Amino acid sequence: MDTFTCIRTRREIREYLDKPIGDESLLRLLEAGRLAPSSKNSQPWQFVVIRNKETLNKIASLTPTGAHIAKALLAIAILMDGAKLPEIDGTRAIQNMVLAAWELGIGACWVTNFYEDAVKDLLGAPQRMKLVTVIPFGYPKEPKTKRNKMRKPLEEIVSYERLGEHSPK
Ligand SMILES: Cc1cc2nc3c(=O)[nH]c(=O)nc-3n(C[C@H](O)[C@H](O)[C@H](O)COP(=O)(O)O)c2cc1C
């Protein structure tokens, strides 16, 4: 799958098959994260792979918007240590992971709104670290083509030279 097709077709997936992600595929996701760029190449991340069902269920209960974590067989927590720009660096790694996953036919869906301190405690992470997300991964239950991708048209979000100038000069 070429990069643009991957970007164009990828959807957030919240329902997963009961089919485990193999070690080779998992390694590829982690490599994709590892290879991400970061501010001053500081690579301030730690990736915690979570496959314990009890832990997944517990984490799902520690966010009001992440019930789908409990439906996955695997999730990855992205923790940042000493990062100047934790959300930005972390998000670059996550986007690499989710695109690499999609190429392998694996879906994911970001979760926010964690009770962060409790999740960090559960994962044995020190409180100084920033939890960017715990993102569940799994083979999609639904056909990829089922939902349309709803995005604003380019004309609404692109300007040329000055904001609001929607036609190229
Ligand atoms: C920063 C960020 C936070 C998000 N938080 C949640 C969340 O807490 N729960 C959830 O179900 N989806 C969450 N999403 C998923 C978005 O709702 C999703 O990306 C958007 O609806 C587009 O989905 P699509 O690519 O399938 O069209 C989040 C996405 C991003 C980028």
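Let me begin with helix 2, whose buried residues are covered by, among other parts, strand 1 (45-50), strand 2 (74-80), helix 4 (86-103) and strand 4 (130-138). Please keep in mind throughout that what we are looking at is a predicted model.

Which residues of helix 2 are the buried ones? They are Ser25, Leu26, Leu29, Leu30, Ala32 and Gly33. These residues cover an arc of only 155 degrees around the axis, and therefore they sit on the same side of helix 2. If you turn to the other side of helix 2, you will find Asp23, Glu24 and Leu27, which are exposed.

Now let me move on to the ligand. The residues that surround the ligand are Arg11, Glu12, Arg14, Thr65, His68, Cys109, Trp110, Val111, Thr112, Arg147 and Arg151.

In glutamate 12, a polar side-chain atom lies 2.6 Å from an oxygen atom of the ligand. For threonine 65, an N or O atom in the side chain is 2.7 Å from an oxygen atom of the ligand, while for arginine 14 the distance from a side-chain N or O atom to a ligand oxygen atom is 2.8 Å.

How much of the ligand does the protein bury? Taken alone, the ligand exposes 630 Å², and the protein buries 64% of that.

How values were computed. Residues numbered from 1 in each chain as written. Predicted model: local features only at pLDDT ≥ 70, side-chain atom pairs only at ≥ 80, totals over all residues. Heavy atoms only, no water. Buried < 20%, exposed > 50% of the residue type's maximum accessible area, 1.4 Å probe, protein only. Helix = DSSP H or I, 4+ residues; strand = E, 2+ residues; numbered from the N terminus. Arc of directions from axis to C-beta. Contact = heavy atoms within 4.5 Å. Near = heavy atom within 4 Å. Polar contact = N/O pair within 3.5 Å; in protein donor to acceptor, adjacent residues only side chain to side chain. Areas by Shrake-Rupley, 256 points an atom, 1.4 Å probe, with all protein chains shown as cover.
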